[in-house]
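Visitor: Can you walk me through this one? Keep it quick.

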Amino acid sequence: MSNKVKSLQDLRKMRDEFKGNISLREKSDHPDNLVQIRVSMATCGIASGARETMNYMIDELDRQAIEAVVTQTGCMGYCYAEPTIEVTLPGEEPVVFGNVNTKKASEIIEKYIKNGELVDGIIPDTYKTIDNR
């Protein structure tokens, strides 16, 4: 964030960034009550479009006023299915989804996050990478 304010637009941008930081801090005080989304942002995920997926989810959850915390994580071990995200609904076990582009992210928000309805693309928790065998 720039320390110099050159226009009203700069001031508004600073205000929005400040409000976003406060919101993130407040949410982190009670994450168990919120939808938690972790986006795998290792090299393979980034190369597959994870940054676009993460930005889309942040913007769409905010637009729909869905209380959620979106964070990035390292490799989850599912390189074949990148971009991957882990979604934890309050009181539920985490679910990992693979091949999450913006279209799949929209479906996850509409069906799973809002209605608890499972959608295609779940990576079973019994899956082991070749390194774990």
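Guide: Here is a short tour, from the fold down to single residues.

Visitor: Ground rules before we start?

Guide: This is a predicted model, where local features need pLDDT of at least 70, side-chain atom pairs count only at pLDDT 80 or more, and totals for chains, interfaces and linings use all residues. Residues are numbered from 1 along each chain as its sequence is written, and side-chain values use heavy atoms, with hydrogens and water left out.

Visitor: What does the secondary structure of the chain come to?

Guide: Four helices and five strands. Both are DSSP runs, numbered from the N terminus: helices are H or I with at least four residues, strands are E with at least two. Along the sequence the pattern reads α-β-α-α-β-β-β-α-β.

Visitor: What is the strand order in the sheet?

Guide: The order is 2-1-3-4-5, in an open sheet of five strands with mixed pairing. Two strands pair if DSSP finds at least two bridges between them. Strand 2 (68-73) and strand 5 (122-123) are the edges, and each pairs on one side only.

Visitor: Which strands run parallel?

Guide: Strand 1 (residues 35-40) and strand 2 do, joined by six bridges. In that pairing I37 faces V70, and R38 faces T71.

Visitor: And what does strand 1 do with strand 3?

Guide: Those two pair antiparallel, over four bridges. R38 has E86 as its bridge partner there, and V39 sits opposite I85.

Visitor: How many bridges link strand 3 and strand 4?

Guide: Three, again in the antiparallel sense. V87 stands opposite V95. The two strands form a hairpin with six residues between them, and G91 in the turn has a positive phi of about 80°.

Visitor: What packs on the sheet?

Guide: Take helix 3 (residues 50-63), which lies across strand 1, strand 2 and strand 3 (85-88). Helix 3 runs at about 170° to strand 2. Helix 4 (residues 102-115) packs on the sheet too, touching strand 1, strand 3 and strand 4 (95-97). The direction of helix 4 makes about 30° with that of strand 3. Axes are lines fitted to C-alpha atoms, for helices over the stretch in contact; angles run from 0 to 180 degrees between N-to-C directions.

Visitor: How much of the chain is buried?

Guide: 35% of the 133 residues. Buried means under 20% relative accessible area, exposed means over 50%, and partly exposed is in between (1.4 Å probe, protein chains only). Strand 1 has five of its six residues buried, so the rest of the structure largely encloses it. Strand 3 is covered on both faces: I85 and V87 are buried on one side, E86 and T88 on the other.

Visitor: Is S40 buried or exposed?

Guide: Buried, at 0% relative accessibility. S40 belongs to strand 1. A polar atom of its side chain lies 3.2 Å from the backbone oxygen of G74. Contact means heavy atoms within 4.5 Å. Beyond four places in sequence, the contacts of S40 include G45, T73, C75 and T84.

Visitor: Switching topic. How many aromatic pairs turn up?

Guide: One in the whole structure. F97 and Y112 have ring centres 5.6 Å apart and planes at 65°, so the pair is edge-to-face. Rings of Phe, Tyr and Trp (its six-membered ring) pair if their centres lie within 6.5 Å; planes under 30 degrees apart count as stacked, over 60 as edge-to-face and the rest as tilted.

Visitor: Where do those two residues lie?

Guide: F97 is in strand 4 and Y112 in helix 4, so the pair ties together parts 15 residues apart in sequence. F97 and Y112 are both buried.

Visitor: What about Y56, where is that?

Guide: In helix 3. Y56 is partly exposed, with a relative accessible area of 23%.

Visitor: What does Y56 touch?

Guide: T102, A105 and S106, leaving out residues up to four places away in sequence. Y56 and N101 are 45 residues apart in sequence, yet 9.1 Å apart in space, C-alpha to C-alpha.

Visitor: Last one. Where is Y78 found?

Guide: In the loop between strand 2 and strand 3. Y78 is buried, with a relative accessible area of 12%. Y78 and G98 are 20 residues apart in sequence and 7.8 Å apart in space, C-alpha to C-alpha.

How values were computed: Polar contact = N/O pair within 3.5 Å; in protein donor to acceptor, adjacent residues only side chain to side chain.
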